[in-house]
Amino acid sequence: MNKRQITFKLLANKAKYLAVHIVALHQDLTLNHKEFYLSQKLIENGTIIGEKITEMSSLPSKEAILQHISQVLDYLHKTHYWLNLLFESGRVNEPDYELVNQELAQLEQIIQENFTIT
């Protein structure tokens, strides 16, 4: 396995764990807090990250990969925004917030360390 494959596998695994936690958070928000709109935004943006990362491994050019990386970063930032809004409004507890926030930060760090976005 080359470095690119290892990086994509690492990103895909991290994105999957993020998505699993976001799905659980979405379920809690809708069932226990009756929060539908903001939790929908969170799940839409948070789960598409893994989809975009999975697509990257089969892209033919560096330019296409960098375009997907840019999209992933955009979805990371949107997910962070919705997560912060839910936390600051008291809908998400601190442990859940910290877990998802840490996963978002780890994904962004891996991307910054392995891809040059200009």
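Trainee: Which residues line the largest pocket?
Mentor: Lys3, Arg4, Thr7, Phe8, Lys62, Ile65, Leu66, Asn114, Phe115 and Thr116 do. A pocket here is an open set of points on a 1 Å grid over the protein atoms alone where a 1.4 Å probe fits, with protein on both sides within 12 Å along at least five of seven lines; lining residues have an atom within 4 Å of a point. Keep in mind that this is a predicted model, where local features need pLDDT of at least 70 and side-chain atom pairs 80 or more, while totals for chains, interfaces and linings use all residues. Numbering runs from 1 along each chain as its sequence is written, and side-chain values use heavy atoms, without hydrogens or water.

Trainee: Ok. Which elements give two or more residues to that lining?
Mentor: Helices α1 and α3 do. (Helices are DSSP runs of H or I, at least four residues, numbered from the N terminus.) The top contributor to the lining is α1, with four residues.

Trainee: Take Leu66 from that list. Where does it sit, and how accessible is it?
Mentor: Leu66 is in helix α3. Its relative accessible area is 22%, so it counts as partly exposed; buried means under 20%, exposed over 50%, and partly exposed is in between, with a 1.4 Å probe and protein chains only.

Trainee: Switching to rings. How many aromatic pairs are there in the whole structure?
Mentor: The search finds four. Phe and Tyr rings, and the six-membered ring of Trp, pair if their centres lie within 6.5 Å; planes under 30 degrees apart are stacked, over 60 edge-to-face, the rest tilted.

Trainee: Which residues form a ring cluster?
Mentor: Tyr37, Tyr81 and Trp82, linked by ring pairs.

Trainee: Back to α4: which of its residues are buried, and what covers them?
Mentor: Tyr97, Val100, Asn101, Glu103, Leu104, Leu107, Ile110 and Ile111 are the buried ones. Their cover includes α1, α2 (37–56) and α3.

Trainee: What about His26, buried or exposed?
Mentor: Buried, with a relative accessible area of 16%. His26 lies in helix α1, and apart from neighbours within four places in sequence, it's in contact (heavy atoms within 4.5 Å) with Ser39, Gln40 and Ile43.

Trainee: Last one, Lys52: where is it found, and what is it in contact with?
Mentor: Lys52 is in helix α2 and counts as buried, at 14% relative accessibility. Leaving out neighbours within four places in sequence, Lys52 contacts His68, Gln71, Val72 and Tyr75.
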